[in-house]
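Here are my notes on the charged pairs, written to be read with the model open beside you. Take the points in order.

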Amino acid sequence: MNTTILHSDVKRLEIPGRVRLQEGNGDLLKVEIDTDFSEAELYLQGAHVTEFRKKGEAPLLFTSHFSRFEKQQAIRGGVPVIFPWFAAREGEPFHGFARISQWRLNEVTALPAGGVSLRLALGPVSAAATWPAFTLNYVVTVTDSLRLELIATNTSADQQFTFENCLHTYFHVGDIHSVRVQGLKGVTYLDKVDNFAAKVEEQGDIAITGETDRIYQNTTSTVDILDSSLKRRIRVEKAGSQSTVVWNPWIGRAQQIPDFGNDEYLKMVCVESGNVGKNRLVLPPGRSQVLSVVISSEPY
């Protein structure tokens, strides 16, 4: 997509004092959002929310200082949009093509209560040609919380559309040693660190004490991140999601990730909402699916 045309299209959607278009890192276009309650930024590459913070507070989202901001490269942190597959696929980009593709910003709305809502759509992607016809839309609403709605529609006349999706949220924490994750007790998960062994979560308060990479299955539960260091509770409410992924690379893995600082694992945890693995989705022709996540926080 021509960057000049894209710049012009987005520029006309600006709202003075609320929404503006800027050249971000790596000359990638980003949208800056300022509401009565919070600040946020979103890159049009990947429709990638890289920042959300309530005014006067620490950021809720974590983005690595070493992240690549390059065309067709994933941004490390924030909220990557994972679609139409999760994790590795031979010969294809990790976590699908949506997070490294250009999106269109189609609509910006100033909300009566002081917030802002953005509506985006995935632009043309050559890799999508081998999939049944579909559209992918994304609504990002910024108030004192962050609401994310990923809407996939099967526009094929006669083919089912089978896919995975995930909003891969990276959360900023004060100190990972002071963090507990709640809401997953009794849920079966696949432990990637232990060769994808199937286990049942026995802890009501999950402490992150080493490399953690777990896919919790068949769960629609709200998850809370209790951060005693920053004295706050981050709440992750979701709908249209049967999977929750919890990830922290810890020391050894962090040192192997080129766009991630060696010590940054201390300041983040991923709690991701989606439909992956055996929870993948099958959409009949003409049907849509909405994955919705609401991120909020309160003192703890």
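1. A salt bridge here is a side-chain nitrogen of Lys or Arg within 4 Å of a carboxyl oxygen of Asp or Glu. Searching the whole structure turns up 15 salt bridges. Keep in mind that this is a predicted model, where local features need pLDDT of at least 70, side-chain atom pairs count only at pLDDT 80 or more, and totals for chains, interfaces and linings use all residues. Residues are numbered from 1 along each chain as its sequence is written, and side-chain values use heavy atoms, with hydrogens and water left out.

2. Start with Lys-30, which sits in strand β2 (residues 29-34); strands (E, at least two residues) are DSSP runs numbered from the N terminus. Lys-30 counts as buried because its relative accessibility is 12%. Buried means under 20% relative accessible area, exposed over 50%, and partly exposed in between (1.4 Å probe, protein chains only).

3. Which residue forms a salt bridge with Lys-30, with the closest N and O atoms 3.0 Å apart? That's Glu-41. Glu-41 lies in strand β3 (residues 38-43) and Lys-30 in strand β2, so the pair ties together parts 11 residues apart in sequence. Both Glu-41 and Lys-30 are buried.

4. Lys-30 also meets Glu-32 in a salt bridge (3.5 Å, N to O). Glu-32 is partly exposed, at 21% relative accessibility.

5. Now look at Lys-192 and Asp-213, whose side chains form a salt bridge at 3.8 Å, N to O. Lys-192 is in the loop between β14 (188-191) and β15 (197-200) and Asp-213 in strand β17 (residues 212-216), so this pair links parts 21 residues apart in sequence. Lys-192 is partly exposed at 39%, while Asp-213 is buried at 14%.

Conventions. Helix = DSSP H or I, 4+ residues; strand = E, 2+ residues; numbered from the N terminus.
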